[in-house]
Amino acid sequence: MNERETLLQLLLERGYREGDFKLASGRQSRFYVNAKPVLLDGRGSAAFARWVLDDLGDLAGGPPVAVGGLELGAVPPAVAVVTLAAERGAAAPAAAFIVRKERKGHGTGQRIEGPLRAEDRVVVLDDVITTGGSTLQAIDAVEELGARVVRVYCLVDRREDHDPRLDRYELRAALRLAELTAAAAGR
């Protein structure tokens with residue numbers, strides 16, 4: 001079984017539901033995808049990390065310095081990607097970063113945790129993208145720092161009226177919602 005098949009199976013078992021749901025975007029949907037149970041599972045996080053690292057091989061300009069994104073959805077996959085990169089002996093991506101939804105109210109008031117610097121080439125990760133709003137929050141924070149987003153990855157792209165600003169970034173999804181619904185119907 002390849003990485004995408006593993007992720008599809010895990011999503012069907014643990015993270016896909018049909019019914020009437022309100023999404024983070026505020027929209028109503030008949031389908032709910034919760035990627036966290038998959039990305040918090042060792043098999044799921046490893047499969048996603050392998051898929052991302054293998055796909056990064058064609059990235060113009062070489063591998064990114066860091067991977068990360070908005071808290072909570074990007075944390076498990078970012079840690080998995082940098083851990084697997086280190087195990088493979090890859091020099092990059094060497095670090096993960098986390099974008100807070102809001103600046104810290106204490107200490108230095110940072111919005112981004114991790115060794116991200118201006119001019120770094122980075123990849124933004126997300127678990128599920130519907131409109132892209134959460135992904136764009138992470139991108140905006142990274143760009144505000146002066147780093148450059150070179151690609152965006154997600155486990156599932158629902159493909160529902162993406163914010164047009166997301167079109168500026170090369171978005172790659174391990175799976176699309178249509179693949180999940182078709183696989184669920186064929187069970």
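Helices in this talk are DSSP runs of H or I with at least four residues, strands are runs of E with at least two, and both are numbered from the N terminus. By that numbering, glutamate 119 belongs to the loop between strand 5 and strand 6. The model before you is a predicted one.

I begin with the sheet. Strands of a sheet pair through backbone hydrogen bonds, either parallel or antiparallel. Here, an open sheet of 6 strands runs in the order 5-4-3-6-7-8, and its pairing is mixed. Which strands form the edges? They are strand 5, residues 112-113, and strand 8, residues 171-176, each of which pairs on one side only. Strand 5 is joined to strand 4, residues 95-99, by 2 bridges in the antiparallel sense. Within that pairing, isoleucine 112 of strand 5 is the bridge partner of valine 99.

Helix 3 touches strand 7 and strand 8, and its direction makes about 140 degrees with that of strand 7. Helix 1 likewise touches strand 7, residues 148-157, and strand 8, with an angle of about 55 degrees to the direction of strand 8.

How do helix 1 and helix 3 cross? Two packed helices are described by the angle between their axes and the distance between the axes. For helix 1, residues 3-14, and helix 3, residues 42-55, the axes come within 9 Å and cross at roughly 145 degrees. The crossing is left-handed. On the helix 1 side, the contact is made by Glu3, Arg4, Thr6, Leu7, Leu10 and Arg14, which meet Arg43, Gly44, Ala47, Phe48, Arg50 and Trp51 of helix 3. Sorted by class, this contact has 5 nonpolar, 2 polar and 5 charged residues.

I turn to the hairpin. Strand 1, residues 16-22, pairs with strand 2 in the antiparallel sense over 5 bridges. One of the bridge partners in strand 2 is valine 33, which faces tyrosine 16 in the pairing. Between the two strands lie 5 residues, and in this hairpin glycine 26 adopts a positive phi near 95 degrees.

Next, the largest pocket. Its volume is about 510 Å³. The lining has 25 residues, and the closest to the centre are Ala24, Lys36, Asp127, Val128 and Ser134. Which elements each supply at least two residues of the lining? These are strand 2 (28-33), strand 6 (121-129) and helix 5 (133-145). Strand 6 gives the most, with 4 residues. By class, the lining comprises 9 nonpolar, 9 polar and 7 charged residues.

Finally, two points of backbone geometry. Most residues other than glycine have a negative phi, and most peptide bonds are trans. Glutamate 119 has a phi near 80 degrees, a positive value in a residue other than glycine. The peptide bond from glutamate 71 to leucine 72 is cis, with omega near -10 degrees. Where does leucine 72 lie? Leucine 72 is in the loop between strand 3, residues 66-70, and helix 4, residues 75-87. Thank you.

Note on methods
Residues numbered from 1 in each chain as written. Predicted model: local features only at pLDDT ≥ 70, side-chain atom pairs only at ≥ 80, totals over all residues. Heavy atoms only, no water. 1 Å grid on protein atoms, 1.4 Å probe; cavity = no way out; pocket = protein on both sides within 12 Å on 5 of 7 lines; lining within 4 Å. Points joined across faces, edges and corners; volume = space filled by probe spheres on them. Nonpolar A, V, L, I, M, F, W, Y, C, P; charged D, E, K, R; others polar. Axes fitted to C-alpha atoms, helices over the stretch in contact; angles between N-to-C directions. Left-handed = near helix turned anticlockwise from the far one by under 90°. Contact = heavy atoms within 4.5 Å. Pairing = 2+ DSSP bridges.
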